[in-house]
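Open the model in your viewer and keep the selection panel at hand. The stops below go from a pocket to the cores and then to a sheet.

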Amino acid sequence: MGLNKEAAEASEGLISLSQMKTPPTASSATDCKEQPLLFQDLGSRQVAADFSGGTLSSDGGVLLLRQVDASLGLTHRLAQCFSDARRQVYVDHSLQQLLAQRLYGLALGYEDLNDHQRLRLDPLLAAACDKRDPLGEDRFNPAHRGVALAGASTLNRLELSNNKRTRAHKLAHDAGRLEACLLQSGVRCLPKYAEEIVVDLDAMGHRLHGEQEGRHFRAYYDDYCYLPLYVFVGDIPLWAQLRTSDQDAADGVVAALEKIVAAIRQRCRRARIIVRGDSGFCREEILAWCERQAPVVYYCLGLAKNSVLIEKLGPALASAQMRWCLSGTARGREFIEFEYQTVKSWSRSRRVIGKAEVTAQGQNPRFLVTNLPAKGFKPDQDSTRFTPARLYEGFYCARRDGERAQAARVGFAGRPDEHPLCGQQPTAFMAGGLCLSAAGADADSGAGRDRPGAGDCGQRAAQVVESGGPGARECAAGVCAVEQRLSAAGPLPVVPSKADGADARQRLTPPFFLAAKVSTPEVSAKTAQKCGF
């Protein structure tokens with residue numbers, strides 16, 4: 001009874017409290033809409049929470065991608081490799097806009113075409129693709145108004161127009177021009193007066209997730225995959241060729257090198273060219289081709305071990321074993337060099353570097369073959385650069401760091417879809433174009449790019465795209481600057497002082513993936529004008 005009496009008294013108190021009149025100023029339903037929620041200031045900035053809503057987007061980084069694309073002219077050049085047979089009076093999405101939508105979607109992590117069923121409603125992506133109305137109210141067909149971008153089916157026809165002959169597939173591409181577009185765009189990023197250019201060959205396995213044409217099981221990856229060929233100079237892609245995995249990694253490399261070396265020599269006439277790759281590219285046809293060139297193309301390629309090579313490395317392995325036992329270090333290493341020629345496959349003897357390594361797991365012999373001179377090149381001050389130990393550890397092993405960066409960049413391409421094999425080649429070129437955008441190199445041919453060291457802009461822009469960066473207005477100003485360089489993101493190399501002003505300090509905090517709001521076409525136009533569209 002005591003508990004029931006207390007509960008009744010508490011209920012009466014709540015009823016009387018609910019009947020109290022609340023002053024209008026305490027109405028949370030009105031306040032949260034009409035005035036922002038204020039917090040303690042952060043330095044010179046005011047912190048507020050605005051609940052007004054509007055049209056929101058979580059992919060604010062597309063503004064940076066758009067600025068990099070504008071400086072490179074990538075989508076403009078790609079559009080010139082396609083033919084558009086559509087009647088333009090009925091066209092809502094230009095060819096360049098379709099390519100921009102597909103490329104930006106890949107870069108933002110939306111590798112599947114089905115993702116564009118939702119992305120087509122994103123007003124910020126529409127603004128980045130140069131849509132006049134990001135909300136799509138200016139579409140030709142009234143039934144399509146309110147959706148600014150193309151759907152998955154339209155983008156699908158863009159990639160498959162070369163494989164299907166229907167009235168809907170009217171955007172055919174020229175594979176040769178796409179190939180030349182990527183190569184020329186990449187070569188233009190190289191410093192014109194470079195003295196040495198290292199060309200990295202890499203065959204990366206792309207796992208398949210369906211019944212794609214040309215699927216083949218590759219034991220190395222323990223899965224069904226494709227084996228595309230990629231060629232990089234540093235972080236700059238020059239070649240992206242889609243191949244099935246039922247062939248050797250070196251297939252088609254000579255044909256690719258013929259075009260790549262010719263393009264590099266046309267751009268960098270003084271450069272010494274060195275081809276670097278793993279043992280999958282150590283084939284007589286590649287080695288002989290490099291040696292026949294005038295001037296010679298140098299190579300440094302991994303060499304698969306065999307019983308003859310291990311026998312030649314025997315004394316060095318014994319010495320490395322003794323050093324490891326006596327020193328107590330994690331590993332013992334010895335390097336030697338010798339002349340070697342296979343019984344049948346090689347046409348001549350070549351310089352081979354052997355690494356004798358012993359660790360707690362056992363012996364780890366490795367080999368590479370090269371035509372680089374042991375005493376170095378005469379103009380170089382460092383005559384020991386290509387001695388066995390430095391050549392292996394300092395030059396050849398640097399390929400591993402490049403492979404990690406390249407794998408991350410090529411990861412933009414996502415996973416191959418179930419298109420026919422030849423229909424996926426344009427996507428491979430687009431993936432190469434994305435890597436080029438990530439490298440952030442300039443497309444302009446100004447004098448600043450032709451100076452030694454002008455390629456530094458690629459590294460800075462890559463930091464913006466991968467790590468974050470300033471807001472759209474600051475980014476536009478940076479890209480349109482005289483040297484066409486983007487500032488690095490996140491913690492800047494030099495923290496601005498008070499003397500630099502508040503604007504300089506504000507560039508330290510805006511995140512890369514900002515939440516951009518587009519409320520009306522008028523507001524979008526003003527925003528676009530501020531961002532330099």
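For the residue classes used at the first stop, Ala, Val, Leu, Ile, Met, Phe, Trp, Tyr, Cys and Pro count as nonpolar, Asp, Glu, Lys and Arg as charged, and the others, Gly among them, as polar. Note before starting that this is a predicted model.

Go to the second largest pocket, which holds about 630 Å³ of space. Select Arg86, Tyr90, Val91, Thr154 and Arg157: of the 24 residues lining this pocket, they are the closest to its centre. Colour the lining by class and you will find nine nonpolar, seven polar and eight charged residues.

**Cores.** Next, select Ile197, Ile264 and Ile286. Within the largest nonpolar core, which has 55 residues, these three touch the most other members. Then show helix H10 (residues 253-267), which supplies eight residues, the largest share of this core. Another core, of 34 residues, lies apart from it; Leu72, Leu98, Leu113 and Leu155 are among its members.

Return to Ile286 and display its surroundings. Which residues is Ile286 in contact with, leaving aside neighbours within four places in sequence? They are Ala250, Val253, Val254, Leu257, Phe281 and Leu301.

**Sheet.** Finally, select strands E5, E6 and E7, which form an open sheet with antiparallel pairing in the order E5-E7-E6. E5 (206-207) and E6 (216-218) are the edge strands; each has a single partner strand, so one side of each is left without a neighbour in the sheet. Zoom in on E5 and E7 (residues 223-226), which run antiparallel and are joined by two bridges. Here His206 stands opposite Tyr226 in E7.

Key:
Residues numbered from 1 in each chain as written. Predicted model: local features only at pLDDT ≥ 70, side-chain atom pairs only at ≥ 80, totals over all residues. Heavy atoms only, no water. 1 Å grid on protein atoms, 1.4 Å probe; cavity = no way out; pocket = protein on both sides within 12 Å on 5 of 7 lines; lining within 4 Å. Points joined across faces, edges and corners; volume = space filled by probe spheres on them. Core = buried A, V, L, I, M, F, W, Y, C linked by side-chain atoms within 4.5 Å. Buried < 20%, exposed > 50% of the residue type's maximum accessible area, 1.4 Å probe, protein only. Helix = DSSP H or I, 4+ residues; strand = E, 2+ residues; numbered from the N terminus. Contact = heavy atoms within 4.5 Å. Pairing = 2+ DSSP bridges.
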